[in-house]
Amino acid sequence: TNLHTRMLITELKKAGKTIPLWKRVAEEIESSTRRMAAVNLSKIDRVVRDGEIALVPGKVLSIGSLSKKMTIAAFSYSEAAREKIHAKGEALSIAELLKKNPSGKKVRLVK
């Protein structure tokens with residue numbers, strides 16, 4: 001794996017000693033890339049409630065649309081998905097979310 005991914009996994013494991021969410025995300029990212037989640041915007045919109053942050057330990061794809069304003073953090077995004085998210089909300093990397101919300105409050109893991 002690349003250096004950036006290894007550093008992210010290390011940071012998540014450190015945070016995972018106290019908060020189980022980050023340990024789970026580290027395990028998901030550390031697994032094979034073939035098993036990495038690919039989630040459409042329509043599923044994120046259906047599953048995530050108002051006031052929550054969607055966390056995708058994989059790639060966000062652009063099928064569907066967002067009906068409400070939300071923040072989505074993911075390992076990677078397709079170009080079209082990033083454009084649709086920026087129109088309604090905010091797209092973060094997992095490292096940015098970890099710095100912004102280290103306690104993991106109001107974060108919903110979407111796979």
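Contact is taken here to mean heavy atoms within 4.5 Å. The structure described is a predicted model.

In helix H2, which spans residues 20-30, the buried residues are Leu21, Trp22, Val25, Ala26, Glu28 and Ile29. These residues lie on the same side of H2, because the arc they cover around the axis is only 160 degrees. Such an arrangement accords with helical geometry: an α-helix has 3.6 residues a turn, so residues three or four places apart point the same way. The cover over the buried residues of H2 includes helices H1 (3-16) and H5 (94-100), together with strands S2 (53-61), S3 (71-77) and S5 (107-109).

The crossing in which H1 passes H2 is left-handed. On the H1 side, the contact is made by Thr5, Leu8, Ile9, Leu12, Lys13, Ala15 and Gly16, and H2 contributes Pro20, Trp22, Lys23, Val25, Ala26, Ile29 and Glu30.

A polar atom of the Glu52 side chain lies 3.1 Å from the backbone nitrogen of Arg49, and the side chains of Glu52 and Arg108 are joined by a polar contact of 2.8 Å. When residues up to four places away in sequence are not counted, Glu52 touches Thr71, Lys106 and Arg108.

Note on methods: Residues are numbered from 1 along each chain as its sequence is written. This is a predicted model: local features need pLDDT of at least 70, side-chain atom pairs count only at pLDDT 80 or more; totals for chains, interfaces and linings use all residues. Side-chain values use heavy atoms; hydrogens and water are left out. Buried means under 20% relative accessible area, exposed over 50%, partly exposed in between (1.4 Å probe, protein chains only). Helices (H or I, at least four residues) and strands (E, at least two) are DSSP runs, numbered from the N terminus. The arc is that of the directions from the helix axis to the C-beta atoms. A polar contact is a pair of N or O atoms within 3.5 Å; within protein, one must be able to donate a hydrogen and the other to accept it, and residues adjacent in sequence count only if both atoms are side-chain atoms. A crossing is left-handed if the near helix is turned anticlockwise from the far one by less than a right angle, and right-handed if clockwise.
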